[in-house]
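Please keep the structure open while reading.

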Amino acid sequence: MEQPDTSAVREIYWRENRRWMLILGVIWFTVSLGCGVLWVEPLNQIQIGGFKLGFWFAQQGAIYTFIVLIFVYAGVMARLEKRLGLEETEV
Amino acid sequence: MSLTETTYWIVGASFLLYILIAIRSRAGTTQEFYVAGKGIHPVANGMATAADWMSAASFISMAGLIGLSYNGYGGSVFLMGWTGGYVILAMLIAPYLRKYGKFTVPEFIGDRYYSDTARVVAVICLIICSVTYVIGQMKGIGVAFSRFLETDYETGLFSGMVIVFFYAVLGGMKGITYTQIAQFCVLIFAYTVPAIFISLQLTGQPIPQLGLGSTLADGSYLLEKLDRTLLDLGFQEYTTSVRGSTLNMAAFTASLMIGTAGLPHVIIRFFTVPTVRAARTSAGWALVFIAILYTTAPAVAAMARLNIIQTLEPQPGKHLAIEERPTWFKNWEQTGLLGIEDKNADGRIQYSADPEQNELVTLDNDILVLANPEIANLPNWVIALVAAGGLAAALSTAAGLLLAISSAISHDLLKRTLMPDISERQELMASRLAMAAAVLGAGYLGLNPPGFAAGTVALAFGLAAASLFPALFLGIFSKRVSREGAIVGMLAGIGVTLAYVFQHKGLMFIPGTSFLGDLPPNWFFGIEPNAFGVVGAAVNFAVTLTVTRLTPSPPESVQQLVDDIRVPAVSREG
């Protein structure tokens, strides 16, 4: 449902944007600085295949998660813009 | 055909491709020169960004840094830091600067902070970050030429300069974008082919990312075997050896992440796509293309390290006789990247963590990638491909940096500050001249590298994190931050970071002028100079916010600008 572009709608857009940034930012921190650095020792006690889990996060897992995070963000923002009628017109 | 001949053919073909692209994509307007006409498809821009991003350091040195210097786990700082920054870039920076819709990063800072001084300070920060970075690329070009094509360093550097000059001066961002796409294809092919072969040989698994977690021919896991072998030789375990301390690892990773999101040559790539939406997806594609190399690199690191150890000690206790060492070993000794010294005069090579006993006295980081195809006995064309890939990585990053530098000079200093009345034609001419000057300047610095050239790439990230990122972030997310706050903040951030680096590494890196000594006990909470950017960024934030409290709010027009860039749709009010 498209809504008229008013400052109230822009307010909603910005609030939703910040909410998603916070959610995805927490995951971003958890998989990299969390699983890859701060909690790497306990996670290394878990072995999956030939990988210690903490080591895997630091050298593989964090990177894969980053990719997913960016595409999720791009997706939710595109949907939000459509819902609020804030899509840009291509120049 | 000899190896050198094959290399000449393959490198020559890749250069011809870059020149053909350059001729087809000349820039006719300033919009084309600065932002490629804003018509680049997000996937294509993702590829160009990946090539822009992955430098000679990523291609040639990173696997070795991880596998040798940082002994495995410690090297994770580069892997997480140089990819995690893209999440920040995609969420916090790129979409809003794309909406802003002009040409350069200092231009945004100048407009948002309603001040020519802010713009000039941003130009200075940009030049400091980009110049430290570009010297490393010029050196990379010279070294790659001299190693693979057996030219001398100067000839190699000069050839690289001619190529960059050609497509960067002619085509600006437009020419650079299309050549970067071609360079990405060359470099990623060159990186993954040897990795797939080495993974197959060691583990029977063609995908290196999975091979890293697979078993070897003897049934033990590759990483377990590497851990045990290194412990036996007196090193720390590969999968758990921390760089410095946990705090240092976290600070290093965070500095590289924040720096990534603040480096102008990366940010301006997102000005070339048609929409805000495209800027976000383009960041995702860029990371996909970067991740292909960045998830392969740790596999190359571990596998090549194990291969070298097993070459030197094929069976436990049975060391390689010096007489019987393979040809690749002798070849790389001649370049000075490998060196042996038979300390106990038994005619065999003992590799050990103990410097007293270690007979592999030189083992350069770069050897892991450069000698990889030879160690795995791959055909000559693969070795030649690695040369073309290393050159593609260095050239593409150098071109991106040079564009960031030259557009800051011709657009921000000249057009926006000193001579606002020049016409578009004159500005286009000025931007070509600035580009030509930047190429020559970078070439000069590559020929006469100042003392600080070694290891400056990581430093460039620290400087970008401490200076430009906070100004950009606060400029978008706060309407209150004032010009005084931003100017003092940028100067404080870059100042404190440079001071910390200088006091440990020497003034302008001249050895002997460091007043605290490069000693870990003197490091601030054990944080090494390369990892200090995050502290510099924190100082910048604190200073900016404090000064802002004491100074008047920005004018109404600036608050409207901020409102406007936050939302993709063109504002219908006012």
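Two residues are in contact if their C-beta atoms, placed from the backbone, lie within 7 Å. The model is a predicted one.

**Helix α7 of chain B and its partners**

Start with helix α6 of chain B, residues 105-112, and helix α7 of chain B, residues 116-148. On the α6(B) side, the contact uses B:Val105, B:Pro106, B:Glu107, B:Ile109 and B:Gly110. On the α7(B) side, B:Asp116, B:Ala118, B:Arg119, B:Ala122, B:Val123 and B:Leu126 meet them. By class, the residues of this contact are 7 nonpolar, 1 polar and 3 charged.

Two packed helices are described by the angle between their axes and the distance between the axes. The table gives both values.

| Helix pair | Angle between axes | Distance between axes |
|---|---|---|
| α6(B) and α7(B) | roughly 155 degrees | within 7 Å |

Handedness comes next. α6(B) passes α7(B) in a right-handed crossing. The crossing of α7(B) past α18(B) is right-handed too.

Helix α4 of chain B spans residues 56-69. Where is its kink centred? The kink is centred on B:Met62 and amounts to about 45 degrees. α4(B) is mostly covered, with 13 of its 14 residues buried.

Just after α4(B) comes B:Asn71, with a positive phi of about 50 degrees. B:Asn71 is not a glycine. Most residues other than glycine have a negative phi, and most peptide bonds are trans. B:Asn71 lies in the loop between α4 and α5 of chain B. Is B:Asn71 buried or exposed? A residue counts as buried at 20 or more other C-beta atoms within 10 Å. B:Asn71 has 22 such neighbours inside 10 Å, so this residue is buried.

The loop between α2 (30-35) and α3 (42-53) of chain B holds B:Ala36. B:Ala36 is buried, having 27 other C-beta atoms within 10 Å.

**The contact between chains**

B:Ser76 sits in helix α5 of chain B. B:Ser76 is buried, with 28 other C-beta atoms within 10 Å. Which residues does B:Ser76 contact, leaving aside its neighbours within four places in sequence? They are A:Gly36, A:Ala58 and A:Gln59. From B:Ser2, B:Ser76 is 74 residues away in sequence and 38 Å away in space, C-alpha to C-alpha.

Now the whole contact. In it, 46 residues of chain B touch 40 residues of chain A. Among the elements of chain B, α5 (76-100), α10 (222-232), α11 (246-262) and α13 (276-312) each supply at least two residues to this side. The largest share comes from α13(B), with 12 residues. The side of chain B that touches chain A has 25 nonpolar, 15 polar and 6 charged residues.

Methods. Residues numbered from 1 in each chain as written. Chains lettered and ligands numbered in written order. Predicted model: local features only at pLDDT ≥ 70, side-chain atom pairs only at ≥ 80, totals over all residues. Axes fitted to C-alpha atoms, helices over the stretch in contact; angles between N-to-C directions. Helix = DSSP H or I, 4+ residues; strand = E, 2+ residues; numbered from the N terminus. Left-handed = near helix turned anticlockwise from the far one by under 90°. Nonpolar A, V, L, I, M, F, W, Y, C, P; charged D, E, K, R; others polar. Bend = angle between axes of the 7 residues up to and from the residue. Buried ≥ 20, exposed ≤ 12 C-beta atoms within 10 Å, placed from the backbone.
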